[in-house]
Amino acid sequence: MREILCFENVSLTYQADNGEVEALRNINFSVSEGELVSIIGPSGCGKTTFLSLIAGLHPATSGRVLIAGEEVTGVSDKTGYMLQKDSLLDWRTIYGNVILGLEIHGMKNVESRQYVDSLLKMYGLWEFRDKHPSQLSGGMRQRAALIRTLAVKPEVLLLDEAFSALDYQTRLVVADDVYNILKREQKTAVIVTHDIAEGISMADRIIVLSKRPGQISLDFKVDFKNDGGYMPPLERRDQPLFRAYFNMIWKELDVNV
């Protein structure tokens with residue numbers, strides 16, 4: 001499997017009002033193509049900083065971040081970022097929102113628009129393409145935000161607490177939805193979450209960070225096997241292994257906190 005993302009001895013220190021803060025220390029790991037990786041850790045451990053380094057929003061103090069073999073030296077067009085809020089523009093239709101990234105990157109051509117059309121049709125938003133965000137449910141808005149991110153065909157998707165603004169029931173359904181879309185589209189994703197259960201339910205692999213300065217304290221594969229090759233998040237939550245993984249991560253976090 002092709003390596004898409006690599007951290008080589010990455011550390012980050014930044015200047016705060018009270019002096020220098022060491023956010024991350026000596027991070028080494030790689031992510032393969034199509035792999036979904038959940039980053040879990042205590043508050044303030046550098047989870048979001050992780051994503052900022054991948055996106056090129058912050059340079060590493062030392063070490064290198066590489067995407068598809070190229071070092072990240074600035075804002076990277078190889079990443080797509082999903083935040084806590086869907087950030088859809090109320091005055092644009094759903095179609096206008098999902099092609100926004102194509103417009104910004106100068107990629108609004110026949111091929112890319114056909115790809116967007118296929119995503120909207122496949123994931124149940126085609127008939128809502130002329131609606132405005134205020135006319136859609138929270139789950140549908142989040143699906144539109146994901147399609148907007150996928151439209152530019154990024155190498156790596158970054159999800160930063162992407163479902164935390166939703167109510168619990170919707171959050172479960174949307175996580176299931178997003179997982180299935182990422183797997184069908186064979187996308188590589190790094191998912192930051194405070195929710196241990198959510199991290200386990202969506203990941204092929206879990207990375208647990210220690211308290212600040214963040215270091216990798218656990219890195220393991222999640223193994224929910226079924227005949228289809230992967231198991232959706234809601235189904236995973238009913239498996240005996242789910243509780244075992246939860247307890248292992250909780251104990252690690254408890255030690256670090």
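Q: Quick one first: which residues count as nonpolar, charged or polar?
A: Nonpolar is Ala, Val, Leu, Ile, Met, Phe, Trp, Tyr, Cys and Pro, charged is Asp, Glu, Lys and Arg, and the others, Gly among them, are polar.

Q: And what's the model?
A: A predicted one, where local features need pLDDT of at least 70 and side-chain atom pairs need 80 or more, while totals for chains, interfaces and linings use all residues. Numbering runs from 1 along each chain as its sequence is written, and side-chain values use heavy atoms, leaving out hydrogens and water.

Q: OK, how much space is in the largest pocket?
A: About 530 Å³, taken as the space filled by probe spheres on grid points joined across faces, edges and corners. A pocket is an open set of points on a 1 Å grid over the protein atoms alone, where a 1.4 Å probe fits, with protein on both sides within 12 Å along at least five of seven lines; lining residues have an atom within 4 Å of a point.

Q: Which lining residues are closest to its centre?
A: G80, Y81, H105, R148 and T149, out of 22. The lining has ten nonpolar, eight polar and four charged residues.

Q: And what lines the second largest pocket?
A: M1, S32, E33, G34, E35, Q186, D204 and K221: one nonpolar, three polar and four charged. Its volume is about 150 Å³.

Q: Switching topic: what does V98 touch?
A: Leaving out residues up to four places away in sequence, V98 touches V116, L120, A144, I147, R148 and A151, with contact meaning heavy atoms within 4.5 Å.
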